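This briefing is meant for a reader meeting the structure for the first time. Please look over the sequence and the model below before going on to the notes.

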Amino acid sequence: MIEKMKFISITGPKADIDRVVNEYLSKYEIHLENALTELQSVQNLDPYIQINPYRESLNKASEFCNLFDASTVDTSVSLSVEDSLKLIESVDQQYTAVTQELEDLEKQRSHLDESMKKIQPFKALHYNLSSLLHFEFIRFRFGRISKEYFSKFENYIYDNYDTYFYPCGEDDTYIWGAYFCPRAQLKKIDAVYASMHFERIYLPDEYSGTPEEAFAYLETELKSANEKNEALKAKLQKLIDTYKDRLAAAKRTLESCSTNFDVRRLAACTKDDYEVFYILCGWMSERDADAFQEDIRDDENVYFFVENYTGHELGMPPTKLRNPKLFRPFEMFIRMYGLPAYNEIDPTIFVSITYAFIFGAMFGDIGQGLCLFIGGLLLYKFKKMDLAAIISTAGIFSTFFGFMFGSFFGFEMEDPIWLSPKTHMSTLPFLGTLNTVFIVAIGFGMFLILLSMVFHIINAVKAKDTENIWFDHNAVAGLIFYGALTATIFLFMSGHSLPAAAVLVVMFVIPLLLIFFKEPLTNLVNKKSEIMPGSKGMFFVQGFFEMFEVLLSYFSNTLSFVRIGAFAVSHAAMMEVVLTLAGVQASGNPNWIVIVLGNLFVCGLEGLIVGIQVLRLEYYELFSRFYKGNGREFKPFIKKTEN
């Protein structure tokens, strides 16, 4: 069901807006509209411009709350706004100081690690690094050379130049080392080594001793830095653990304050000779609006105006669904298709009943139905999943039809309460012998199509749409034609005499003519100047093909419901295959493992397929006749928890 809405306007002194929001509006659900847009006829309106003072602190509180598990928080703790702001500022200062230390330490660790990587290949050089820097006539270079060039290097360099390469280490690809040469020949030797693909490496010069001693010193420094890093991380964690209850409380307080403050974005301001006033407007449910009006009756600083929706001056109200708790999970299917507009029928209850009923008819089994019911119920209880509640409800109807069909985990009862889908047949005039569940499925589908046409007419009456009330193929004309067709087929198949020819003409021909001439008839009823369209030839050609499409849709939509019986039969057939594979029909003990696995397979696979097929019937064969689903959702600025 769709709750009745009222358009409200609230005004008062500008400085009083926080009190009104916190004291009154926070207790009710209101879908706020932009006051400047909705009240365009009001003169001298200005936007309410003010920066949210809680936003930054709320963002920091949210970041802190992401650092701990919310389920471990004591929710009984509460803080005032002032205490919340002070807490966030204090924790942020402490946290920032420690994180800055961590950043500085990370730079130090990165520098130490990089230095160790440079020094490690030269640990075999047992000479003081600082002493090398003070050679007066000899120069040196550290680096590496590829092994494929090293043999050429030895043969060429030593025979032609005054230099010596001291290898310090190697791996599969490179040889690391240092070369020495006279100071006067440094540029020439550098060029020669570069031609041999020698890659120079600059060792850090802030360390004394041999490379091995420098490496050991760096290891000690890095270990100390790592220990300090862990200590700082532990300090951060302790800080969060100490304040987590109060941080969560501060976040809740600031969220409420920030949300309430954000009301200003949709407010407008106006002024008289003495004072500036705010204006808020939006939609409230009828019961909330009445309660709000009673709540502020004695408040001299709040002025409240209520307008009932008439469909003219005001825009379309948002849609707020309010269904009994049993049917609420099925709202998921409605939202998937689109919310009903405010002046449409809410099909939630209709979908709830028909979906569960059709699912049960297509998947009738006592044992598997109970499994769906219990499994869905447990999943809904612990996970609060709407789909689980739908499965559980469908399981109830599956169990019911299981009794009707006499099926328990595929085992067939000799005397079912109603019939056995696979074997029960009926003889009809003209058609011969057919499976009974096919016949019942077609009859049930015709009933649902007629009901959908009634819903279409009700929606059209609400929208005051003449064409869709009387002349559309789903309107009164279509209802009379399809209803007459259904009655005629029922009378013929049951062996009763048909109405006279004149009655059949009235019941079939006249409704089709009304559908064919729906456009000019609508223009006539609406008293338009032009009744018939300009191109009459094109009108008749187009009308002929549209009429053919209408008749074809009646036939195809009706025939689609055969799938209800088809799946009921296929379910029984699939379970018969499972029992055959388990050796139930043969002598000896059946294979219970095959029976269990087969039931699980059929329950999972066919249950999924049946669920999709039923939803297809709802959307394409029923919704397409009466439902548009172009409503907009009611979005309160504060969401209340429903019981």
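Which helices do the buried residues of H19 pack against? They pack against H14 (436–463), H16 (476–493), H17 (501–516), H18 (518–525), H20 (562–581) and H21 (592–626). This is a predicted model, in which local features need pLDDT of at least 70 and side-chain atom pairs count only at pLDDT 80 or more, while totals for chains, interfaces and linings use all residues. Residues are numbered from 1 along each chain as its sequence is written, and side-chain values use heavy atoms, with hydrogens and water left out.

**Helix H19**
- H19 covers residues 536–560, and its 25 residues reach 36 Å from the first C-alpha to the last, close to the 36 Å expected at 1.5 Å a residue (the expected span being 1.5 Å times one less than the number of residues).
- Helices are DSSP runs of H or I with at least four residues, numbered from the N terminus.
- The buried residues of H19, where buried means under 20% relative accessible area with a 1.4 Å probe and protein chains only, include Phe-539, Gly-543, Met-547 and Tyr-554.

**H19 with H17**
- The axes of H17 and H19, lines fitted to C-alpha atoms over the stretch in contact, with angles from 0 to 180 degrees between N-to-C directions, come within 10 Å and cross at roughly 125°.
- That makes H17 oblique to H19, oblique being what remains once angles under 35 degrees (roughly parallel), over 145 (roughly antiparallel) and 65 to 115 (roughly perpendicular) are set aside.
- The contact, meaning heavy atoms within 4.5 Å, is made by Leu-512, Ile-515 and Phe-516 of H17 together with residues of H19, among them Phe-540, Phe-544 and Leu-551.
- By class, this contact of H17 with H19 has 9 nonpolar, 1 polar and no charged residues (Ala, Val, Leu, Ile, Met, Phe, Trp, Tyr, Cys and Pro count as nonpolar, Asp, Glu, Lys and Arg as charged, and the others, Gly among them, as polar).

**H19 with H21**
- H19 and H21 pack at an angle of about 145°, with their axes 10 Å apart.
- Ser-553, Tyr-554, Asn-557 and Ser-560 of H19 make the contact with Arg-616, Leu-617, Glu-621 and Arg-625 of H21, and these residues divide into 2 nonpolar, 3 polar and 3 charged.

**Two single residues**
- Gln-368 lies in helix H12 (residues 366–383) and is buried, with a relative accessible area of 1%.
- Leaving aside neighbours within four places in sequence, the contacts of Gln-368 include Phe-363, His-571 and Asn-599.
- Asp-465 has its place in the loop between H14 and helix H15 (466–471), and the C-alpha atoms of Asp-465 and Gln-93, 372 residues apart along the chain, are separated by 65 Å.

Methods:
Helix = DSSP H or I, 4+ residues; strand = E, 2+ residues; numbered from the N terminus. Buried < 20%, exposed > 50% of the residue type's maximum accessible area, 1.4 Å probe, protein only.
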